[in-house]
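Visitor: Could you take me through how one reads a metal site and the ligand beside it?
Guide: Gladly; let us look at the model together.

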Amino acid sequence: MTALTLSNLSAATVPADAVVIGVAKGESGPVLAAGSTPAAAVDAATGGTLAATLKTLGAKGGENEVTRIASPDGVAAPLVLAVGLGAVPDKGGAFDPETLRRAAGAAARALAGSAHAAFALPVADVAAVAAVSEGALLGAYAFTAFRGREFDGADSAPLSQVTVLDEGAADDAHTRAAQRALVLAEEVGRARDLVNTPPNALTPAVFADTVTATAPGFGVDVEVWDEEALAEGGFGGLLGVGQGSGAPPRLVRVAYRAPAATTTLALVGKGITYDSGGISLKPAGHNETMKCDMGGAATVYAAVLAAARLGLAVNVTGWLALAENMPSGTATRPGDVLTMYGGKTVEVLNTDAEGRLVLGDALVKACEENPDALVDVATLTGAMVVALGERTIGVLGTDAFRDLVHETAAEVGEESWPMPMPAELAEGLKSPVADLQNVGPRLGGGLFAGHFLREFVPADLRWAHLDIAGPAYNGGSPHGYTPKGGTGVAIRTLLRLAERAADGDLG
Ligand code: BES
Ligand code: MN
Ligand code: ZN
């Protein structure tokens with residue numbers, strides 16, 4: 001885990017292995033990012049030639065670009081790393097927080113193998129301090145649990161110490177922002193680890209046991225329904241999806257209670273520890289990364305722990321709907337009818353549309369506690385990835401609250417987009433034999449899934465559904481603060497939403 005400190009030292013004197021400065025894309029080459037006194041000290045040590053040197057080295061100032069320079073005399077750290085910030089902000093403006101977050105992340109990734117980096121990026125206000133802190137910590141991540149010693153040598157270990165150079169370091173608001181960034185990054189790291197853990201090592205029972213072993217240490221209550229309790233309770237969705245697997249399903253409730261809270265936020269996460277598709281088996285090419293299908297549950301769990309660790313004045317209850325979707329002689333068949341928790345029956349026409357089945361049970365259970373708002377998070381549909389690409393969360397739900405969640409995501413720099421639920425798609429829910437069927441027409445599949453979930457949520461409740469099938473897992477190259485593999489997407493949005501709930505600001 002990476003340590004974080006704010007410091008008002010100059011970039012010239014800070015004792016570190018590297019100093020990170022920002023460089024923007026000027027009209028005729030790279031320009032030093034204005035607004036960082038510490039970075040200006042580095043330039044002064046070069047006699048004002050830093051931008052010219054960067055240009056000579058081919059730097060342009062574009063996003064994700066890093067350029068290394070041996071430090072000039074007068075800078076204590078041996079290495080200066082210039083990270084691109086993209087376009088120069090409009091006159092008088094500052095870099096937006098997400099630009100800083102990504103740049104800090106790219107720099108932290110580039111510095112893997114170093115121990116201590118000092119970030120001299122332009123931090124004009126507390127939001128910028130938070131963004132640089134978050135980006136640096138989120139970029140300093142590696143998943144090595146399943147590697148032999150020879151692979152995880154010190155040459156590629158993430159930074160162990162991040163110092164953010166900040167003239168307001170002594171300010172209370174800055175200290176709080178740094179503390180929040182640290183908790184957030186640790187919880188994002190926890191979710192990434194869970195997603196990256198191979199599916200033979202993270203079954204529903206192992207996930208539940210991990211929660212039971214960890215959450216109480218943060219003051220979070222845990223309740224687990226095992227397969228017997230699920231059968232007794234009538235959780236037909238979780239049982240139906242899990243019955244083909246030798247690793248039985250679990251429902252986990254994690255609850256953080258704030259003494260003076262007046263609002264309760266319920267979070268429900270899809271936790272398919274491996275999605276083979278079941279009898280409607282996925283073809284090769286579509287199943288290699290399906291360990292990521294518990295990403296919603298990992299996000300929800302991490303968000304509850306973050307809210308608890310920060311002592312937010314709001315109750316947050318997380319529901320983790322955990323099952324493994326496998327084909328076997330005991331698996332649910334296309335054509336089977338399941339009786340969900342609460343009594344609705346569902347004809348399962350495609351066993352690969354399993355997320356909505358485990359979520360249906362968990363949504364009904366969550367709503368028994370009458371929360372003030374409900375958000376479910378799920379790697380639910382390939383259709384949403386077709387619609388929005390691999391980096392954008394699809395947000396569905398009740399109109400006003402859906403838009404509020406979208407705005408909340410924008411506030412914390414997470415890409416999302418509000419999606420409609422066209423009324424005619426609800427026609428596809430009709431089954432000839434049961435109350436509902438689990439698949440409809442192919443077109444609009446991500447929106448149809450929203451209609452299905454809505455059947456399990458009271459009409460008068462604020463509800464949002466986050467489809468993170470694209471952004472939960474980065475199968476491509478790392479970028480900004482996003483590593484390969486599990487990303488921990490939507491935790492920042494949920495944490496901010498919990499803060500808004502604490503402020504009575506849910507609309
Ligand atoms: N877990 C998948 C969705 C998914 C796709 C997640 C790509 C991550 C990346 C989900 O369970 C699924 O298989 N959905 C089907 C639904 C269809 C059968 C109606 C899909 O999207 O193809
Ligand atoms: Mn599936
Ligand atoms: Zn799935």
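Guide: Asp 275 bridges the manganese ion (ligand 2) and the zinc ion (ligand 3), which lie 3.1 Å apart. This is a predicted model, in which local features need pLDDT of at least 70, side-chain atom pairs count only at pLDDT 80 or more, and totals for chains, interfaces and linings use all residues. Residues are numbered from 1 along each chain as its sequence is written, chains are lettered from A and ligands numbered from 1 in the order in which they are written, and side-chain values use heavy atoms, with hydrogens and water left out.

Visitor: Which are the protein donors of the manganese ion (ligand 2)?
Guide: Donors are N, O and S atoms within 2.8 Å of the metal (3.2 Å for Na, K and Ca), and sites may look incomplete because water is not among the atoms. Here they are Asp 275 (OD), Asp 352 (O), Asp 352 (OD) and Glu 354 (OE), at 2.0 to 2.2 Å from the manganese ion, and along the chain the donors follow the spacing D-x76-D-x1-E.

Visitor: Is Glu 354 buried or exposed?
Guide: Buried means under 20% relative accessible area, exposed over 50%, and partly exposed in between (1.4 Å probe, protein chains only). Glu 354 is buried, at 1%, whereas Asp 352 is partly exposed, at 23%.

Visitor: Which polar contacts does ligand 1 make?
Guide: A polar contact is a pair of N or O atoms within 3.5 Å. An oxygen atom of ligand 1 lies 2.9 Å from a polar side-chain atom of Asp 275, an oxygen atom of ligand 1 lies 2.6 Å from a backbone N or O atom of Gly 382, and a nitrogen atom of ligand 1 is 3.4 Å from a polar backbone atom of Leu 380.

Definitions and conventions
Polar contact = N/O pair within 3.5 Å; in protein donor to acceptor, adjacent residues only side chain to side chain.
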